[in-house]
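Student: Could we go through this model together, starting with its surface and then turning to how its helices pack?

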Amino acid sequence: MRNTRALVALAVVLGIALIVVAIVYWAEPAKSLPSFFFPGHDAHSTTHHVKHGIAALLVGLASFAFAWFQSGSKQSSISSAT
């Protein structure tokens, strides 16, 4: 049970971080992105990386969905076939 809670917390933190990354991709042109943004930083480009932002948003939402399903109740349904 303890590992599941840690995994859910990690998934939520990762989801928040990826949504922040998506917003940065949409808000800043490629030349203004931090240099550690591997796909996207280009010193001479003035375009926005919309597709990278969409990808980061979708992975962040998937991370939230994973956390939601992992934090649900663990009911075992045993049906007796008689």
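**The nonpolar patch and its helices**

Tutor: Helix H1 (2-27) and helix H2 (50-70) each supply at least two residues of the nonpolar patch, where helices are DSSP runs of H or I with at least four residues, numbered from the N terminus. This is a predicted model, in which local features need pLDDT of at least 70 and side-chain atom pairs count only at pLDDT 80 or more, while totals for chains, interfaces and linings use all residues. Residues are numbered from 1 along each chain as its sequence is written, and side-chain values use heavy atoms, with hydrogens and water left out.

Student: Which helix gives the most to the nonpolar patch?

Tutor: The patch is made by Ile 23, Trp 26, Val 50, Ile 54, Leu 58 and Leu 61. Its members have over 30% relative accessible area and no salt bridge, and nonpolar side chains are joined within 5 Å. With 4 residues, the helix that gives the most is H2.

Student: Is Leu 58 buried or exposed?

Tutor: Leu 58 is found in helix H2. Buried means under 20% relative accessible area, exposed over 50% and partly exposed in between, using a 1.4 Å probe and protein chains only. Because its relative accessible area is 53%, Leu 58 is exposed.

Student: Are H1 and H2 roughly parallel or roughly antiparallel to each other?

Tutor: The axes, lines fitted to C-alpha atoms over the stretch in contact, have angles that run from 0 to 180 degrees between N-to-C directions. Those of H1 and H2 come within 8 Å and cross at roughly 160°. Angles over 145 degrees count as roughly antiparallel and those under 35 as roughly parallel, so H1 and H2 are roughly antiparallel.

Definitions and conventions
Patch = residues over 30% accessible without salt bridge, like charges linked within 9 Å, V, L, I, M, F, W, Y side chains within 5 Å. Areas by Shrake-Rupley, 256 points an atom, 1.4 Å probe, with all protein chains shown as cover. Salt bridge = Lys/Arg side-chain N within 4 Å of Asp/Glu carboxyl O. Parallel < 35°, antiparallel > 145°, perpendicular 65-115°, else oblique.
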